[in-house]
Amino acid sequence: MTGPTGDEEAAFSAAELAAGDRLFLRPWRFVKGVIGIEHLPPGDRPEVAFAGRSNVGKSSLINALVRKHGLARTSNTPGRTQELNVFEPEPGLVDCYLFDLPGYGFAKAPKAKVDQWTDLVKDYLRGRPTLSRVFLLIDSRHGLKDIDRDIMGMLDASAVTYQIVLTKGDKLNAYKLQAVKTATTQVIAKHPAAFPDVLVTSAEKGHGVPELRATVAQLAGVDLAAAT
Ligand code: GDP
């Protein structure tokens with residue numbers, strides 16, 4: 001079936017989508033902001049992380065996922081936040097963490113800040129066996145930039161599975177969106193740690209959000225039988 005993003009939607013079953021709904025119908029809350037890995041919460045449950053260039057639409061997409069404006073703070077000051085922000089659903093369905101990694105690639109950031117970002121994120125990626133997947137957000141209007149490819153190289157080296165999520169899909173027509181999706185899929189085929197399916201989303205219109213919720217629910221281990 002052709003979806004609103006003008007493409008074949010990745011196949012998710014009704015039960016998988018319902019599990020995603022259930023996980024994100026729960027209230028989510030901010031756990032803490034982490035500036036050094038010694039402050040990370042214990043790695044005792046599955047977690048997913050969101051990464052992307054500054055302004056890619058990461059906060060908007062996380063807020064769309066949790067249906068809560070302002071949970072992930074949209075930052076108008078690129079590069080300001082150098083924290084790993086940790087979120088969790090309120091107890092009940094399943095225990096998991098969602099990590100919002102600081103945006104990278106801000107043009108004016110001093111080198112020291114970039115190094116700090118790299119060190120913090122590298123330490124996190126290397127030392128986190130419970131990290132199930134990194135969602136690497138790419139602005140659909142721009143496609144993969146060199147800096148994104150650097151991050152992909154870092155993720156490949158850390159052997160952390162990552163999945164490309166195209167953001168702001170509403171800003172392109174279906175033809176252009178398909179072209180950027182195809183081009184991205186071809187690039188990631190050469191990356192050993194990349195998950196083969198590219199998700200197309202729009203936080204603004206809600207496109208792809210149920211599929212992203214379902215993906216997180218699957219990684220978090222939400223019981224499918226209980227979700228139907
Ligand atoms: P972040 O820096 O990655 O957290 O990006 P933000 O979530 O703050 O978004 C950056 C800008 O892109 C803001 O002006 C948002 O309103 C806009 N934006 C984010 N998501 C979408 C989307 O799905 N569609 C459109 N049209 N704009 C978006």
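Val 48 has Leu 98 of strand E4 as its bridge partner. The model is predicted: local features need pLDDT of at least 70, side-chain atom pairs count only at pLDDT 80 or more, and totals for chains, interfaces and linings use all residues. Residues are numbered from 1 along each chain as its sequence is written, and side-chain values use heavy atoms, without hydrogens and water.

E2 (residues 47–52) and E4 (residues 97–100) run parallel, joined by four bridges. E2 also pairs in the parallel sense with strand E5 (residues 131–139), over six bridges. Pairing requires at least two DSSP bridges between two strands. Strands (E, at least two residues) and helices (H or I, at least four) are DSSP runs, numbered from the N terminus.

## Burial of E2

Six of the six residues in E2 are buried. Buried means under 20% relative accessible area (1.4 Å probe, protein chains only). Glu 47, Ala 49 and Ala 51 are on one side; Val 48, Phe 50 and Gly 52 are on the other. Both faces are covered.

## The second largest pocket

This pocket holds about 250 Å³ of space. Its lining has 14 residues, and Gly 57, Ser 60, Leu 61, Ala 203 and Glu 204 are the closest to its centre. A pocket is an open set of points on a 1 Å grid over the protein atoms alone, where a 1.4 Å probe fits, with protein on both sides within 12 Å along at least five of seven lines; lining residues have an atom within 4 Å of a point. The volume is the space filled by probe spheres set on the points.

Helix H2 (residues 58–66) gives the largest share of the lining, four residues.

Conventions:
Buried < 20%, exposed > 50% of the residue type's maximum accessible area, 1.4 Å probe, protein only.
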